[in-house]
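Subject: Structure for you to look at

Hello,

Here is the structure I said I would pass on. Please open it next to this email and follow along; my notes come after it.

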Amino acid sequence: MAARLAALAVLALVLGTLGAVAWRAGGLGALQTADLGAARFTVLQALVSATLSALLAVPVARALHRRRFPGRGALISLMGAPFILPAVVAVMGLLAVFGRAGVLNDGLALLGLPRVSIYGAQGVVLAHVFFNLPLATRLLLQGWQAIPVERFRLAASLGFTPSATFSHLEGPMLRATLPGAWLAIFLVCLTSFAVALTLGGGPAATTIELAIYQAFRFDFDLARAASLGLLQVALCIAALAATTRIALPQGFGAGLDRRAVLAPPAGHVLRAQDAVAIALAAAFLIVPMAAVLARGLPAVAVLPAAVWLAAARSLAVALAATALTLALALPLALAAVRQRRFEWAGTLPLVASPLVLGTGLFLMLRPFAAPGTLALPVTVAVNAALALPFALRTLLPATRALEADYARLAASLGLTGLARLRLLILPRLARPLGFAAGLAAALSMGDLGVIALFADPAQATLPLQLYALMGAYRMADAAAAASLLMVLSFGLFWLFDRIGTHADA
Amino acid sequence: MRPFLMLAGLLCATATAFVAQAQDKPVLTVLTYDSFISEWGPGPVIEEVFERDCGCDLRFVGAGDGAALLARLLLEGARTEADVVLGLDTSLTAQAAATGLFAPHGLAPAPDLPVPYDDPLFTPYDWGWFAFVHDTTRLAVPPADFLALGASDVKIVIQDPRSSTPGLGLLLWVKAAYGERAAEVWEGLADNIVTVTPGWSEAYGMFLEGEADMVLSYTTSPAYHVIAEGDVTKEAASFAEGHYLQIEVAGRLVGSDQPALADRFLAFLHSPAVQGTIPETNWMYPATISPAGLPLAFDWLILPVKSLLMSPEEALAARGPALAEWRAALAR
């Protein structure tokens, strides 16, 4: 029942807004030849970005799973950070490292080596891997942690080699989790706009989202915008269908939840391999973020009061959106175990074009209220919907395992309703719930653009204020606001993630 | 349980903030772009001075940037709550006029524009020349025109004409200066362009970080650095072809329920109180220079040899084909 309501709400938001735009336009419009080029570039870059992120995440997640070292917990937490950065902040961080005037090129020049350019398709992929490698790593790490420790012990006592462990335990787990992680990233990259444009180097890097932007703003061709929005949804469904066929459920059975620490596999080669994977990933993720902080942090204390107010507003929006996301995600995840369509419904917001979403909502709500008065509620609703797919993706593997391992026991005990939620579901899902809440909160902090039509500068959120500072030439203040945004986003993420981990322990 | 209580409290606080706005005074709603009404734009000062003796409540509604403003207006049509729209430029006014939503303003032409501009529906409040800005410590001698820029290895960052008003301005600049040869000019520029950003802010930020030698902005941009930062290293390059103008205008809507207040506001835009604050908040030239004159730093800015500007109709007709040329030349 709750799941059906949640699914309906999401469908109404994603398809309803698209319908509202098409209805206002009086139908769908023909696509231009340039749009097809944009569609091809969009799909290609998303394929490469998602595949690279997912594959690179395997050695990193495996190394993090089987090694223990000081700072491991902090590093895993930090893994959530790039994903939640607003695009403009992340791009600035990446440019500080990989840009023409970045650290990398300065280093290469010192060594007398030729400079490398970040601008072009390679830059788009680099940025998308920066955003999504950590997400993939976290999703895979959860998969690893979901394999009962007893299975690894059995493998060890049977004298499994690392490759045997891989083919009997890790391989099946990857087969179950990797397609889902890949799909989530593929879909994120599908709607990329600012990153693809800024680092893409020019019109060759036009994405569907930019074409929608052009249709709305340059041509005011709502019919074409609706068609492009529909094209995005169609691509999403095609990708979903493809991954559904590949992903296979894993069947490890339930464990005893022992917190036993596994002995890491011996051998210098494996050790070096894991160390390199962790070090490279950590440097790749941390250095650009450190660059943003280094530039902005010193000026945070002297930021104008308006920025702090905006920060408080953003925090309130993020908390409200998080509550809403979880309220939607949990019933959907539980229902999706039995019926795939709930998973599809919960994934759909991922491909909703923010512009179509905003415009559609505007058209739907405009007759009832002045848009400015709805600024914050709309922000909360849209942020919650956009965070839902990630929350769902985080919860799904754990709910599947939960149902497979405990459903019969719970049924035989007559455990239903609230008691089932309190005694079985919440404790078993604490860790992914915490992670999902963290993602939702941080994503909502950093979100921007969806609500341009509703935005009320008197109630500006922190990302909007960041843009206002940049627009007023105040780049130093903007850098400070970016640092503040990063610290707050990450703080929320870390807090929820910790709550989840502690509740689980 | 406690986090949920806190959350509920926050939600209630937000909700009450929406409700507590009931007032008896007539409300004048001005739809404009975001940066006009940000803390650092002209909006707050204008609101304070106008409300001093209008006996009204002046409410600004932000709608992104200039192009988003037009999209919003087209979307809402006659149902818009706005009485005045402020912030369109001449590359957008033809489309705006065609909606039939605007009423004549009846004001005299503004005196201090570099070209004659007299539109019955729109009154200008500020203007500026597009220009490429550079840092003199990194680029001592900037190229003298688009051809020299194309032939040089100077790196530039520009904005996308499909998503940004300055980006569209550059498109029209090249078209106005070179006409049929515009595609050739863009082909020459292709290898100079580091990247194309969605908006002005990203481009300008990247330039300041050293990602490019020059950035598409305004001739007035260096004044910000002088006045706010005491930094004299930023300069705009004067191009021999002349510089394209951006004239920002305001207009009253036919459907306004406060026509008298709206007209009063449009006239007020030309008062010294508003025009005097434009140079150092919007960083543009005022349409009517206030008696106090321009800030000192403006004396030091380049003055283009020639002002280029297409009529609104020409601009509307030119931008589709010009965009196709631009894409073809750069999409390699």
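In chain A, α11(A) and α16(A) pack at an angle of about 35°, and their axes are 9 Å apart. Helices here are DSSP runs of H or I of at least four residues, strands are runs of E of at least two, and both are numbered from the N terminus. The axes are lines fitted to C-alpha atoms, for helices over the stretch in contact, and angles run from 0 to 180 degrees between N-to-C directions. From α11(A), Ile212(A), Tyr213(A) and Phe216(A) meet Leu355(A), Val356(A) and Thr359(A) of α16(A). Two residues are in contact if their C-beta atoms, placed from the backbone, lie within 7 Å. By class, this contact of α11(A) with α16(A) has 5 nonpolar, 1 polar and no charged residues. Nonpolar means Ala, Val, Leu, Ile, Met, Phe, Trp, Tyr, Cys and Pro; charged means Asp, Glu, Lys and Arg; the others, Gly among them, are polar.

The model is predicted: local features need pLDDT of at least 70, side-chain atom pairs count only at pLDDT 80 or more, and totals for chains, interfaces and linings use all residues. Residues are numbered from 1 along each chain as its sequence is written, while chains are lettered from A and ligands numbered from 1 in the order in which they are written.

Chain A as a whole has 20 helices and 0 strands. Its C-alpha trace spans about 65 × 65 × 50 Å along its principal axes. A compact globule of 505 residues would have a radius of gyration near 23 Å, and chain A agrees because its own value is 23 Å. That radius is taken over C-alpha atoms, and the globule rule is 2.2 Å times the number of residues to the power 0.38.

Of the 505 residues of chain A, 56% are buried. A residue is buried if 20 or more other C-beta atoms lie within 10 Å of its own, exposed if 12 or fewer, and partly exposed in between, with C-beta atoms placed from the backbone. Helix α6 (residues 103–110) of chain A has 8 residues, and the number buried is 0, so this helix lies largely in the open. After α6(A) comes Gly112(A), with a positive phi near 75°.

Where chain A touches chain B, the contact takes 49 residues from chain A and 48 residues from chain B. Elements giving two or more residues to the chain A side include α11 (208–217) and α16 (354–365). That side has 35 nonpolar, 9 polar and 5 charged residues.

Regards
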